[in-house]
Amino acid sequence: MGSKASAPGKAILFGEHAVVYGKPAIALAIDKRATITIKESHRDYTRIKSDDLDLEAILSPETGLKLKKGEMGILNYILKALEFYHDSTPINIKLKISIPIGAGLGSSAAVTVATIAALDNYHKRKSTLPSIARRAHRVELEVQGAASPLDTSISTHGGLIYLDKEKIEQIKGDLKDSLVIGYTRSEETAKMVKLVKERMERHPQIMNLIMDAIAHITRKARKALKSDDKECLGELMNINQGLLDAIGVNSKSLSEMIYTSREAGALGSKITGAGGGGSIIAYSHPDRTGQILESLTARGYNAMKANPSTRGVLIQ
Ligand code: MEV
């Protein structure tokens, strides 16, 4: 008996961090995925393996967890999902992943969502998308301590979504062949969320105004996406970036990537995700993405073109 499920990574277009304070955000699923395969095991332990991450761990009721290769990182999410949604039957779990890890592109949410869906399928449990998203968010909260439902929602549902206070709406927008993502290893999301919270405590009036301004930008961006007003969308991204800098989540390398992509023809570019390292997203006319990609890689940054994906979690 076996089971296989996959889920996409994500990029936030507008509203990261503000979403933690109840403001809306716009995010999209990208065409990079995490795939979890579960097979029955004839041994007396569970094996978790990922060739992509050079990771191998063994989990046994007698000896607990043994990390044979790699880092705990993403494994924590798989283990928590197993603790919540599996019994003690030994299984073999394989993870394939094309989402850059620890770069703020939703790799942990994608792995969590795929693991829960694969476990549901393995145990022949009927589950709905909202239930997968809710349980994946629970796992993220347990592992990270702080997380909005944004990453797990987008990974579950796919598409381009507008999230407002846990209300998820699929929205229209043509972002095909228009996005480049530059990435370095990020700080932990929880750490960046904490830094923003501390600034909020020191300067509540100023920070609340900034969060409100980000909310205005996000609402206007939704309209710009709908009417395909590319110039406006790009400008809104740049304004959002200025405010992300103001709340303290920018870094030298992120700034360098942002200005490099603007010089190479991006209509807009900004941090995507938690910041402090991590990733930027550049938006441009499709004929400029090649130049943006080249300029980023020429400066030694990791970069990739990213297309929106309408596919959320899939049982395969
Ligand atoms: C992380 O991808 C996005 C943040 O807004 C945190 C969250 O929403 O949990 C920074």
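This is a predicted model: local features need pLDDT of at least 70, side-chain atom pairs count only at pLDDT 80 or more; totals for chains, interfaces and linings use all residues.

Me: Which residues form a positive surface patch?

Reply: Patch residues have over 30% relative accessible area and no salt bridge, and like charges are joined within 9 Å; a salt bridge places a side-chain nitrogen of Lys or Arg within 4 Å of a carboxyl oxygen of Asp or Glu. Here Lys4, Lys39, Lys94 and Lys96 form the positive patch. Among them, Lys39 belongs to strand E2, residues 25–40.

Me: Why does Lys39 count as exposed?

Reply: Buried means under 20% relative accessible area, exposed over 50%, and partly exposed in between (1.4 Å probe, protein chains only). Lys39 counts as exposed because its relative accessibility is 52%.

Me: Where is Asp54 found?

Reply: Asp54 sits in the loop between strand E3 (46–50) and strand E4 (55–60). Its phi is positive, near 55°, in a residue other than glycine. Asp54 is partly exposed, because its relative accessibility is 46%.

Me: What is the phi of Asp228?

Reply: Asp228, not a glycine, has a positive phi of about 50°. The loop between helix H6 (204–226) and helix H7 (230–246) holds Asp228.

Me: Which residues does UniProt list for "domain: GHMP kinase N-terminal"?

Reply: The unreviewed entry lists residues 76–159; such annotations may be inferred rather than shown by experiment. The end C-alpha atoms of this span lie 27 Å apart, and the span is 60% helix and 8% strand, where helices (H or I, at least four residues) and strands (E, at least two) are DSSP runs.

Note on methods: Residues are numbered from 1 along each chain as its sequence is written. Side-chain values use heavy atoms; hydrogens and water are left out. Patches are made of residues with over 30% relative accessible area and no salt bridge: like charges are joined within 9 Å, nonpolar side chains (Val, Leu, Ile, Met, Phe, Trp, Tyr) within 5 Å. Accessible areas come from the Shrake-Rupley method with a 1.4 Å probe; for residues, only the protein chains shown count as cover. Lys and Arg count as positive and Asp and Glu as negative; His and the chain ends are not counted. The place of a charge is taken as NZ of Lys, CZ of Arg, CG of Asp or CD of Glu.
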